[in-house]
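Me: I would like to go through a structure with you, one topic at a time. Could you keep the answers plain?

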Amino acid sequence: MRIDGADVAAEPRPGQCLRTYLREQGTTAVKKGCDAGDCGACTVLLDGAPVQSCLIPAHRAVDADVVTAAGLGRYGPGSDPDAEPEALHPVQQAFVDAAAFQCGFCTAGMVCTVAGSREVERLSESPGRDQAGPDRRSASASSVGEALKGNLCRCTGYRSIRDALAGRVNTEVAEPGEAFGRAVVAPAAARIVSGREPYTLDEPAPPGLLHVAVLGSPHPHARITHIDATAARGAPGVHLVLTHHDVPGTLYSTARHENRLDDPDDTRMLDPVLRFVGQRVAVAVAETPRQAREALALIDVEYETLPAVFDPEAARQPGAPLLHAGRTAAEHRVADAGRNVVVQIHEEHAEPGHDGVDAALAASAATVSGTWTTDRVNHVAMETHGARAWLAPGGEEGDVLHVRTSTQVPFLVRDELARLLDLPEHRVRVVAGRVGGGFGGKQELLVEDVVALAALRTGRPVQWELTREQQFTTVPCRHPMRVGVRAGADENGTLTALAIDVLADTGAYGNHAPGVLFHGVHESMAVYRAPNKRVDAESVYTNNLPSGAFRGYGLGQVQFAIEGAIDELAVRLGIDAVEMRRRNVIRPGDPFVVGRPVDGDLEYGSYGLDQCLDLVEDALASGRGDVAPDGWAEGRGVGLAMIATIPPRGHFTHAKVSVADDGDFVVDVGTAEFGNGTTTVHAQIAATELGVPTSRVRVRPSDTATAGYDTGAFGSAGSVVAGLAVHKAAAALRAHLKTPTPLVVGANIAPKPGHEGATITLTAKGEVFAEATHDGSPRSVAFNVHGFRVAVHRETGEVRILQSVQAADAGVVINPEQLRGQIEGGVAQALGSALTERMVVRDGVVLTRTLRHYRAPQVADIPDTEVLFADTFDRLGPRGAKSMSEAPYNPVAPALANAIADATGVRPHDLPMQRDRLWELVRRPPGPTAAGPSGRAGR
Amino acid sequence: MDIDIDTVRVARSRADCVLRPGEAFLGGGTFLYSEPVPAGVTGLVDLTGMGWEPWSVDGAGLRVAGTCTLEELLAGPGRLGASSDGPYRGLGIVGECVSALTLSGKVARTATVGGNLALGLPAGSMVGLFAALSAVAVVWTPEASTGSSQPAGSREVAVADLVTGAGRVGLAPGEVLREVRVPAAVLGQRTMFRRASLTPTGRTAAMVTGRAGEPAPRITVTASVSAPLSLHARDHDMLDRWIDWIGSTGAWYEDTHGSREWRAAMTRRLAHEALEELGGAA
């Protein structure tokens, strides 16, 4: 076989696919997204034609010529084999110019697909850049949809990819010192489009690497009465088998937060009690993945099955099977284990002169009550969870445990690993390379404990790469919620009362249950003024797979319900939907009230909700967008959302900016890059402060050995927490370099006025660096408003989006193209959960185990969204900026449901609003003559 | 993905197609390599090494080999059918039937017609395509006693009868789907295609293929039922009664790609559209 111009002779194994063969030859430009032909991340050119290499039997390709993203620039269609090794193919350059990636994990496969597809090639032959009018776009939209239907991107929302295909340039080169606010290219762009950026498992395999396979529970609730791994331990290639007898019994939570006490201690590495189908029963570690898999079959396990409960309402009723009996609030932070309740909130607040929710509703001109539900959603980060651990010499104290993992929170993983394995923190080093998408799913400790313990026990490097099926069946999903809302208003539309009753299904474990519940009811309730408010909320254990952190962190589920209720109130009162919100949203100076006034560090660092409402209202009235097809019902709807710019109770970071030997600058910061764009933002901030081009700034993120402590990349903190520290350190360094002040070796308080928050250090070698920290407080608020015009086809349940617009209040925009991409990506992910995505779970068994059965949006499913920015300056953020990563997701589903309600007169209460369910909801009742279904009427 | 087997043999002759214990046939492989292999399968016999001509057309009609890739089907018979009034206009639905699969053009390069038929999945659109064209499958039957190098015979079965349920196909162990044959008389008849799915490029939830002909247009339903169903529909009322009958037998198929009720309604809608287009009497 010839791979990117080089001949290889290795014989493939029987049953081996081309993807793993290529990676074993060192060609890590070939990614694994699904390993089942659904996502396209592994696409290569096979004798010139694009194929998904995970589906190609390797034995057929031994005489083939294979070109991967790494070789596209020299060996791709039309390329020159004598070009520089780093040369980019025109398609790759187009992806760079259009900023057509975020995490970039899908990109290598995407560019190979486009470069090898004659159909797409024709599409991109546009007469000139930016010349393509709307007609041409819509004409080509369906062909692009067909050509790229084998490629999933979870980050971008596809608009930028369509731009790349059309040759549009969305990025620019900023003058030195002027990068802030400009659409500069991500520093890793060229490496990403050519597949050279090393993701978690893309570094060369260390010699002696062992592989992990895990036996999953066949039962939703069972106790292991007997387990014998003797035969497995003696199987060929097996180095280690772990059962619950062989691991520390320390209780922990897979969820990771700044304060580990935020989550209940209810989980063990290997537990003799199994609480969901797929939970770890035993671990095998062997020389090949297959040997590890086959060893699992040799483990002798006997189970005593226990009664199981799958419905969260049933789970909290008397007599329900208890999942974590005996756990207490004081010791384990489980609120009421006797009712399966992990966490509960019951609060009511009445302003002076008001008598509470019930009295207010009884006296209101209009009231609404209803129940809204959201389903289980999977993150579908294109890179599955995976980690490698090994031991490396660490001086006199012995070896240091290294863990390279796909995580958003390397420092939190380090701390908990040290605790679980009883190691001092400095003997554990956790590194995240570029992470292939997270969306909250990688704010968990899911694979690191296993590889770490296995490396310690075997002394060998150990790797565990989850399959896509494991991503669906064992990795925490978004919390499904049932939200009851009661709301009332006077005849002017002024809210009199707002009450919610939330039931969240946290599944078998309580990871993120408290955080999601508290956050979910927080900004969603606080954004509306009402003199009487009440919150009842509980998160309940069931024998379903665990729920966890997901973009929006509970807000999207609750906001879906509240925005539906507010919309319904407006309908009943005959008040315009936007106007209804204008009359009731909080304004600067108003207290933040949830079920009681919020006492904390949340402030109005800026306020742009009014502008966002105006922007969306104007856009929907502009006449832009498509026209509804004949016979379809047309409607419009809006939804809004507020989000705190930083997670509560501390989010700490440390940034170090130093002068490198070559005169460039290095930024060391502990937060992780997973497509959120913080590396670009940090380079922009540092370059602006230092007065240099971004090309002279190198950002080194997410390594616990090289960076100072950082709580991690969640809660949209990368720009405003780590960014602020980078800003302070870079500014102090610049001030120092301009007029150097005598320093003594060691740390010095930055001696320039205005830079007291930073330190300047002179090393014995004469190197100078600046450091600064940020503690994540005080926090500001950001806003998003989404608007849709839709057409609904009653006969089929199809929803067509005629216009989609989102206005975001992100403060001063650091990188307009990148921010637009974050918003579009959030909108696309939200459209998936609103319309098509649903993990089907029956009696605790996940039925949607592959991407082809799950319906994450493809390019054809996502229309362009007009993205508008409010003009605000936040006094708390770096140079006036606010965070904007999770938030765009939150207002989308309610806006869409509201538009559908406007179109059809029937309000959807349940997500996803997929065609069959919507058809059921809005179909006309059968006519008087029709005894059964009458197709003639429905034609 | 890598599948846990021990041997792969590339079949070059019919004698190679005799399965040994633990072996299964490998077509394109795009399904087989997308899931762990079934328990007990330890080896594969790769039929793509047989070198069968992907397709041919002559006075008897169209023959499509089991190993014909979907891309070859598109480029050959699909292109023949592109002209709306030519002698092969019956093949005008080939492109839509290939598009109806969730697989992309990249997978169509490897996936085979025989593989799609032999899977027998309700959403397998080759079933609806060849059933609409009244195609017959030629199946190689294995030698009853092992050890003989002489190949055994073959049998023919209508494609519409080949699939007997969701994922159930009337192929005995060791049988090979050699080819499908479309009668010449059918090739020139007008055909049409309709489908419904939860998303524009998603898995097919209801598919209706139709063919004009005497005494009446023939309507074939797949995807919303576990096995293909066909009717010579004289008029819309007859079609309605037939669809009611399908419901009365409990045949509507349900999985995560659409509810039973919705599939039934979409099938009815699409079938009437098909009949309308084929000029059925009102």
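Me: In which loop of chain A is A:Arg649 found?
Reply: The model is a predicted one. In it, A:Arg649 sits in the loop that runs between β23 (633–644) and β24 (653–659) of chain A.

Me: What is the phi of A:Arg649?
Reply: Phi of A:Arg649 is near 60°, which is a positive value in a residue other than glycine. As background, most residues other than glycine have a negative phi.

Me: Which residue follows α3(A) with a positive phi?
Reply: That is A:Ala99, with a phi near 55°. A:Ala99 is not a glycine, and its place is the loop between α3 and α4 of chain A.

Me: Why does A:Ala99 count as buried?
Reply: A:Ala99 counts as buried because it has 28 C-beta neighbours inside 10 Å. The cut-off for that class is 20 or more.

Me: Which residues of α3(A) are buried?
Reply: The buried residues in α3(A) are A:Val91, A:Gln92, A:Ala94, A:Phe95 and A:Val96.

Me: What do the buried residues of α3(A) pack against?
Reply: They pack against four helices of chain A, namely α2 (72–75), α4, α7 (159–165) and α8 (189–193).

Me: Changing topic, what are the domains of chain A?
Reply: The domain assignment gives domain 1 (2–193), domain 2 (210–306 + 386–437 + 442–473), domain 3 (334–381 + 477–599), domain 4 (602–650 + 781–925) and domain 5 (657–774).

Me: How many residues do domain 2 and domain 4 of chain A bring to their contact?
Reply: Domain 2 of chain A gives nine residues and domain 4 of chain A gives 11 residues. On the domain 2 side, four residues are nonpolar, two are polar and three are charged. The C-alpha centres of domain 2 and domain 4 of chain A are 37 Å apart.

Me: How is chain B divided?
Reply: Chain B has domain 1 (7–48), domain 2 (55–186) and domain 3 (190–277). Between the C-alpha centres of domain 1 and domain 3 of chain B there are 34 Å.

Me: How many residues does each chain give to the contact of chain A with chain B?
Reply: Chain A gives 50 residues and chain B gives 46 residues. Elements giving two or more residues to the chain A side are β4 (49–52), α6 (134–147), α10 (289–296), α25 (915–922) and α26 (935–938). By class, the chain A side has 16 nonpolar, 20 polar and 14 charged residues.

Me: Which peptide bond in chain A is cis?
Reply: The bond from A:Leu911 to A:Pro912 is cis, and its omega is near -5°. A:Pro912 is in the loop between α24 (892–904) and α25 of chain A.

Me: And which one in chain B?
Reply: In chain B, the bond from B:Glu214 to B:Pro215 is cis, with omega near 5°. B:Pro215 lies in the loop between β12 (204–211) and β13 (218–222) of chain B.

Me: One last topic. Where does A:Gln684 lie?
Reply: A:Gln684 lies in helix α21 (residues 678–690) of chain A. With 30 C-beta neighbours inside 10 Å, A:Gln684 counts as buried.

Me: What does A:Gln684 touch, not counting residues up to four places away in sequence?
Reply: A:Gln684 touches A:Ala179, A:Phe180, A:Val184, A:Thr694, A:Ile814 and A:Asn815.

How values were computed: Residues numbered from 1 in each chain as written. Chains lettered and ligands numbered in written order. Predicted model: local features only at pLDDT ≥ 70, side-chain atom pairs only at ≥ 80, totals over all residues. Domains from an automatic or database assignment. Contact = placed C-beta atoms within 7 Å. Nonpolar A, V, L, I, M, F, W, Y, C, P; charged D, E, K, R; others polar. Buried ≥ 20, exposed ≤ 12 C-beta atoms within 10 Å, placed from the backbone.
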